[in-house]
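Subject: Structure handover and findings

Dear colleague,

Please find below the structure for your records.

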Amino acid sequence: MKTEELNHTRYRIERMDCPCEEQLVRMKLESIDGIRRLEFDLPNRTLDVWHCNSETTVTEALHTLNLNTVLSDSAPEAPLPEAAADDDSQRHVLWAVLGINAALFLVEVVSGLLARSMGLVADSLDMLADAAVYGMSLMVVGTAVARKKKVARRSGRIQMALALWGLFETFRRFVGTEQMPRFEAMIGVSLLALIANAVCLWLLHRTRSTDAHMRASLIFSANDVIINAGVIVAGGLVWLWGSRWPDLAAGLVIFGIVLRGAVRIMRLGKE
């Protein structure tokens, strides 16, 4: 029996900087016959494709995504790398991270509403957005492309609606006469969230996995730590200045990040 001849092509995808773009590329290429393996490197924004069809077919499909794709290297008759052997352990860690993000969302959204802090509410929606991406990836593993697109559209719509509500509410409070947010709750809850996200980072790092999706999860959790620190700083400024503006500014920035993520996720279902 003749062994299947594979080609190995590497691409540089300039606008692929988060798991949303990775899912976008996956769904686009999964509909093409002849694709045998995809390996993503989000920090370096590269994609390695092992395929037995024309290189032109893959390249043209990637160009339709408008992610600034450039072909870096191509090698004929390349061997297929071995699959990772620790998929189960990675799945367990991702479920743990998903659970932590979901719990943080509940704690922060309730605390944010009670403390009248838009920074905390926005941070909670960022936790929900992360949980949605992790959950979407876990839920649609091994399913048809059509189902993946349907889940992406639904997740993106919910996230966009929440982000738009948050932006509207923040602008309303800018021009209104709302009470001061409770800086103690902002600092305390965000510090708790920072510790929880640090635990997520530790769990993900402990797998010592070089797989792209695990590195992407590390990036997400690291970004969450930065956002938590931002809300803590905003709470400190509310206390020092006696003003609600630092809280509202933090809310605007984080809601904008959530809205950007929603747009990216919705793109997954349209391609």
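Asp48 is buried, with a relative accessible area of 7%. Please keep in mind throughout that the model is predicted. The side chain of Asp48 meets that of Arg10 in a salt bridge, with an N to O distance of 2.7 Å. This pair links distant parts of the chain, since Asp48 belongs to strand 3 and Arg10 to strand 1, 38 residues apart. Arg10 itself is partly exposed, at a relative accessible area of 38%.

**Overall composition**

The chain has 271 residues, of which 47% count as buried. It contains 8 helices and 4 strands. Read from the N terminus, the elements follow the order β-α-β-β-α-β-α-α-α-α-α-α. Among the contacts in the chain with a separation of 6 or more, 79% are between residues 24 or more positions apart. The accessible surface amounts to about 13,500 Å², and carbon and sulfur atoms account for 61% of that area.

The 4 strands form an open sheet in the order 2-3-1-4, with antiparallel pairing. Strand 2 (35-41) and strand 4 (69-75) stand at the edges; each has a single partner strand, so one side of each is left without a neighbour in the sheet. From one strand to the next, the twist averages 20 degrees.

The pairings can be described one by one:

- Strand 2 and strand 3 (residues 46-51) are antiparallel and share 6 bridges. Ile35 stands opposite His51 of strand 3, and Phe40 has Leu47 as its bridge partner in strand 3.
- Strand 1 and strand 3 also pair in the antiparallel sense, over 6 bridges. Here the bridge partner of Tyr11 in strand 3 is Leu47.
- Strand 1 (residues 7-13) and strand 4 run antiparallel and are joined by 6 bridges. In strand 4, Tyr11 has Leu71 as its bridge partner.

How many residues of strand 3 are buried? The count is 6 of 6, so strand 3 is largely enclosed by the rest of the structure. In a regular strand, side chains alternate between the two faces of the sheet. Both faces of strand 3 are covered: Thr46, Asp48 and Trp50 are buried on one side, and Leu47, Val49 and His51 are buried on the other. Asp48, the partner of Arg10 in the salt bridge described above, is therefore one of the buried residues, its 7% being under the 20% limit for that class.

Strand 2 stands at an edge of the sheet, yet 5 of its 7 residues are buried, so strand 2 too is largely enclosed by the rest of the structure.

**Further salt bridges**

The structure holds 5 salt bridges. Besides the pair of Asp48 and Arg10, they include the following:

- The side chains of Glu39 and Arg37 meet with an N to O distance of 3.8 Å. Glu39 is partly exposed, with a relative accessible area of 33%, whereas Arg37 is buried, with a value of 19%. The value for Arg37 falls under the 20% limit, which is why Arg37 counts as buried.
- The side chains of Arg173 and Glu169 meet with an N to O distance of 3.0 Å. The two residues are 4 residues apart in helix 5 (residues 145-175) and so are separated by about one helical turn. Both Arg173 and Glu169 are buried. Salt bridges with shared partners join Glu169, Arg172 and Arg173 into one network.

Leu191, Ile195, Val199 and Trp202 make a nonpolar surface patch of about 380 Å². Trp202 is found in helix 6 (residues 183-206). With a relative accessibility of 49%, Trp202 counts as partly exposed, because the exposed class begins over 50%.

With kind regards

Notes. Residues are numbered from 1 along each chain as its sequence is written. This is a predicted model: local features need pLDDT of at least 70, side-chain atom pairs count only at pLDDT 80 or more; totals for chains, interfaces and linings use all residues. Side-chain values use heavy atoms; hydrogens and water are left out. Patches are made of residues with over 30% relative accessible area and no salt bridge: like charges are joined within 9 Å, nonpolar side chains (Val, Leu, Ile, Met, Phe, Trp, Tyr) within 5 Å. Accessible areas come from the Shrake-Rupley method with a 1.4 Å probe; for residues, only the protein chains shown count as cover. A salt bridge is a side-chain nitrogen of Lys or Arg within 4 Å of a carboxyl oxygen of Asp or Glu. Buried means under 20% relative accessible area, exposed over 50%, partly exposed in between (1.4 Å probe, protein chains only). Two strands pair if DSSP finds at least two bridges between them. Axes are lines fitted to C-alpha atoms, for helices over the stretch in contact, and angles run from 0 to 180 degrees between N-to-C directions. Contact means heavy atoms within 4.5 Å.
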